[in-house]
Amino acid sequence: MAGLSNLTGLVSEPSGEAESSVSSVSNRSLRLAEKEKKKGEADPFTAAAKYLSQFKAGTTVRGNDELERSILVVETVAVSKGLPPEVITVLLDLALSLNAGTPNCSRILKFLIPATVVPQEAIVKGVSWLCVGKMPMNAQVLFLRWVLTVFDLIDCKDDLRSIYGFIFSFVTEETLCPFICHLLYLLTTREHVHPYRVRKLLDIQAKMGRQPFLTQLLALYKVFRPDLVTLSLPSRARTGFKNHNSTWKVALSAVQRKNKGAVLVDQSLSVDVKEKPSSRKRKRHHLAVPPLSSAFDSNSSKKGLRLQELRSFKELLENIHNIELPAQMGSMLGSTLALHYLDCVQDESAFLRLNFWLGHSLQEEFLLCPVDGSSDNTSEACRFLNTILFSQQFLQEGFSSTESFLYKFLSVWDGSLLRPQILDLLSDIPLMPSFYMNKLLFEPLKQLYFTSTVFFKCSVIECLNSMLVKWLTWHSVSASEGSLDISLNSNSTMTMTLSGFMDSVMELVRFVGLLASEGLRLENCHVLLLNQTLAFYETVCDMFLKYSLPLIIMPPAGVFYPALFAIDSISLDRLGYIMYRYRMNLTLAKQQKQQREQTFHISRNAYKEFNRNLQTMVNSMWNSQWCIPGSDLEINKDLIALSKIAEPWCCFDIIHHPALFSYAIEFHQRCWPERKDVDLGSIKTGKYWNWYMEFLFNQGFDGLNNFIRTNTGHGPSSSSQDDRQPLSQNCH
Amino acid sequence: MFNLLPAFSLGVLLIVMEGRGSAVNTPASRPVTRKSKSYGRSCVEAPSYFWQTPGHLTVLKVPTSRGAAKSQIITNKVDPEHIALLVKNEWKLSYVTPLHHFRHTQLKSYAKHLSAFIVAEKQQGVAVEVGLDAGFKVTFTAVLGLAETDEDAETVFIQIQSKPVFAAAADAPKVVWRGWLTCVNGDPEYLRSLPPDFVSLPLFCTSGPESLTNLVKSWFERAFDCNFGSLALNSSTLNWLAALWTGCHPACNIRYLKLSWSLPTEPPLDVLYTVNPQDAWELWNSIHPQENTDDRIDIKDVQAFMSGMETHFFRHFKIHLSAGTLLKVSTALGSAHHDGKIKIGNSDYITTLLALLTECALLKMPT
């Protein structure tokens with residue numbers, strides 16, 4: 001009767017304690033305390049609760065007005081505000097002991113709405129009343145339904161777990177069985193699963209047939225002890241438990257809404273242990289990620305936690321030292337929690353299992369039997385590849401079986417089957433020695449590239465760009481980590497010297513340069529392709545500054561000139577940005593070189609090529625010249641004369657450039673709105689030139705802006721010691 | 001009018017000067033690890049060629065010569081009762097990736113689990129206690145002695161008997177399914193490269209209803225994290241078998257050499273070509289003389305043998321057999337079908353056949 005004494009203590013507390021502290025507090029608080037006291041005495045709820053707590057067995061129930069009144073008072077409070085834990089204990093005891101009569105038992109149970117939590121001992125006592133066996137069946141059912149409803153509000157479940165055996169014994173009661181199974185399902189831990197319990201449940205199953213509640217409980221038993229029981233769930237089985245909370249649902253959620261901040265009861269209590277339904281359509285579905293399950297290895301004495309038992313990242317962290325790998329490694333790709341764990345796994349066998357599974361799935365689906373109606377399987381294949389992609393992006397690393405699959409698949413790929421997925425997988429290919437790249441990657445890719453549409457070409461360039469970014473990121477991370485401990489797992493890592501890495505990067509950039517220049521020629525400088533190409537060179541030009549890789553590779557003429565003479569302003573602006581970044585990178589390399597003797601070097605050719613491109617760009621855009629002295633790029637004058645263009649050398653200056661022409665016209669109209677004949681040459685004079693520049697830069701041509709600023713000393717320039725003059729001063 | 005060149009050429013010059021100074025230095029030789037951790041083996045740097053030197057796969061793996069078939073009285077090594085189980089049946093072939101945590105000492109426990117699994121799968125949604133005999137009796141047997149090298153794992157034979165509920169006590173349980181996992185003369189380099197917790201039994205032969213085969217496969221997949229795929233026999237394998245079996249004729253009468261082709265005509269033409277064993281042997285002997293002390297047979301000999309027979313056929317029927325697909329080869333020693341079905345006729349040559357099939361299965365392993 002702990003609850004009872006508790007309650008009396010609580011009720012009498014104001015009267016006892018308030019008096020002792022009277023002297024020390026001020027008048028005001030004295031008054032308050034008295035008020036409180038009065039209120040306490042007058043509070044009909046407290047009185048009613050007190051009365052009910054002292055209700056003795058054998059007291060007349062029928063015609064007992066006070067009992068009736070008290071129950072009514074408590075009921076009103078319960079439905080509106082919920083009941084405090086102590087009152088719950090008292091009332092549950094009163095109801096289940098049947099001291100207040102059988103009708104009152106179910107009446108009380110029905111309004112037993114907790115305000116905050118339900119004390120565990122109340123439930124334990126309730127179960128003990130259940131064991132006494134006096135309660136009528138409907139009261140027993142009601143009690144169990146109530147326990148299931150408030151299960152999440154029970155403050156602690158340790159004692160409940162320790163009376164698991166008592167609760168289990170009711171499983172043989174046919175009426176109670178569904179509720180008992182549900183309760184057991186919520187309480188079961190691995191220690192509770194014993195052969196005799198399994199056998200008991202199987203006996204009941206034999207008697208009652210396949211009931212969802214039994215199946216669900218047995219499925220949980222299988223999770224904990226696969227060596228004792230096995231079970232396969234049909235794809236369309238009704239699983240999960242019914243909700244038994246109908247009686248209390250409305251009142252409970254109303255009370256909970258009112259007492260916000262308190263524990264919220266989860267209205268759907270059943271946790272799903274159901275395995276994913278396997279599709280019966282395919283005979284052997286090698287493309288499904290298997291469900292998480294544990295091996296039945298009976299002699300495993302170490303009881304690690306199974307991944308499917310984990311519910312949250314927090315649980316994973318707390319148990320990370322003690323987690324068992326699943327029976328099928330492939331199943332880890334199905335859950336993010338498992339992927340987190342996979343990231344920590346160091347076991348070589350585990351990765352081998354994963355790669356066997358993955359390699360087998362990919363091989364069977366895409367390489368060995370593409371005949372059996374592969375067209376209607378593409379959605380399945382697509383889902384599968386997306387799962388792999390998701391996992392690889394999650395782990396920020398590609399699986400080696402995907403990699404080797406891709407090498408084989410590229411040579412038979414038609415370039416259209418699941419293109420986005422395949423290209424994304426390609427971009428995850430880790431760094432490899434340049435020696436292999438040509439044969440494994442570039443040859444098959446080249447064939448596909450040159451025989452496909454311009455959009456495929458764009459996707460390939462985009463894919464290779466993303467591959468390069470991943471390689472560079474990897475390098476910059478490992479470089480900043482200093483020397484990685486290679487000996488740690490020397491058998492699984494591949495070592496490569498920095499020069500080997502640079503060779504690979506150079507090979508990749510060279511290959512894209514080739515693809516891009518030929519592609520642009522074939523596709524008449526398609527604007528999308530040009531933009532993908534320039535996006536690639538935006539990565540390339542920043543390799544030193546952004547990724548600390550001392551390597552500068554200039555775009556080939558086949559990329560540079562189409563961009564310079566592009567008819568869209570965006571490409572031209574991008575080129576300006578790229579040239580600006582090249583300059584920043586080269587300048588930094590030069591400074592580092594001067595400061596300390598670096599072992600790396602930027603090849604002389606890079607400087608030469610940069611200067612040549614820079615000169616060409618400036619000459620054509622600012623100086624209206626075409627010929628570059630000393631360069632091999634000269635156009636026969638007679639050939640140009642054939643075109644019958646008046647001043648061909650002006651065609652690509654910053655005013656007449658086809659990409660900027662419309663801006664020049666608009667500028668002209670704004671400056672001289674009344675002029676009928678357009679003379680763009682007048683922009684070049686005096687202040688109009690500065691205004692035109694400003695006008696252009698206000699259109700968002702940041703790339704060109706940066707290019708002009710750095711290369712003319714106009715504006716903030718990082719380079720010192722040069723006496724460059726602002727652009728405007730050079731005009732006269 | 002616009003003369004911006006000086007400003008630019010200055011910048012240009014500046015950079016050129018830097019370029020001039022640098023000689024071709026050796027870049028820092030600090031080694032760079034490809035991965036901080038590898039999800040699997042690197043497929044580029046392979047410990048052996050089975051771990052794929054990519055792009056070389058098909059070239060490297062298929063051997064171009066092998067030893068001639070040798071008769072050995074297998075019953076001296078292996079329990080004759082076990083051998084009796086393997087011959088006569090027709091087996092459907094599959095390949096299996098290496099089994100993780102498979103132990104030959106646990107066969108009894110595997111039998112219990114497999115039978116419980118089959119019952120549970122047959123009665124969806126009904127839980128089954130492991131170790132309780134209900135409906136199916138599964139036995140796992142280790143067939144000792146079939147392995148040829150130390151690397152080969154011992155063959156495992158599985159038998160499923162059904163026990164009808166209403167059967168009389170005297171009724172013997174009926175065998176409904178048989179299957180075995182084997183590895184004979186598996187490539188030692190491949191087998192050695194596996195971590196010790198793997199057992200490679202790459203060849204899986206089954207005989208019985210497809211539904212049971214699928215159940216057994218999915219149990220293995222769940223229990224040992226392995227995967228199955230069907231194993232078709234390409235014409236090169238069938239050619240090898242035709243030549244190897246013909247070569248046995250002097251030692252053991254092969255009675256006939258039957259070859260069956262399918263020709264891509266409209267309607268398709270099936271050709272069954274039965275050759276007198278003596279004639280076949282004489283052709284073979286003329287290509288690969290028996291007195292040849294070197295016991296190796298080269299793929300060229302095999303090709304010459306087959307084309308000799310095709311030429312002979314052409315002379316009579318004016319049909320180029322090489323335009324079709326070889327579907328089946330059979331002799332008294334055994335038969336093998338293109339879609340992966342075999343029969344073992346004579347146990348004395350079982351090793352040669354299984355070694356060839358093990359090799360086919362290993363070639364299918366994902367890398």
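In which kind of crossing, left-handed or right-handed, does helix 17 of chain A pass helix 18 of chain A?

**Setting up.** I'm working on a predicted model, where local features need pLDDT of at least 70, side-chain atom pairs count only at pLDDT 80 or more, and totals for chains, interfaces and linings use all residues. Residues are numbered from 1 along each chain as written, chains are lettered from A and ligands numbered from 1 in written order, and side-chain values use heavy atoms, without hydrogens and water.

**Helices 17 and 18.** I found a left-handed crossing here (the near helix is turned anticlockwise from the far one by less than a right angle). Helix 17 (residues 348-368) and helix 18 (residues 378-395) of chain A have axes that come within 12 Å and cross at roughly 150°. So I noted this pair of chain A as roughly antiparallel (angles over 145 degrees). For contacts (heavy atoms within 4.5 Å), I listed A:W357, A:L358, A:S361, A:L362, A:E365 and A:F366 in helix 17, meeting A:A381, A:F384, A:L385 and A:I388 in helix 18. By class, that contact has eight nonpolar, one polar and one charged residues.

**Helices 3 and 4.** Next I looked at helix 3 (residues 44-53) and helix 4 (residues 65-81) of chain A, whose axes come within 9 Å and cross at roughly 125°. This crossing of helix 3 and helix 4 is left-handed. The contact of helix 3 with helix 4 has 11 nonpolar, one polar and one charged residues.

Terms used:
Axes fitted to C-alpha atoms, helices over the stretch in contact; angles between N-to-C directions. Helix = DSSP H or I, 4+ residues; strand = E, 2+ residues; numbered from the N terminus. Nonpolar A, V, L, I, M, F, W, Y, C, P; charged D, E, K, R; others polar. Parallel < 35°, antiparallel > 145°, perpendicular 65-115°, else oblique.
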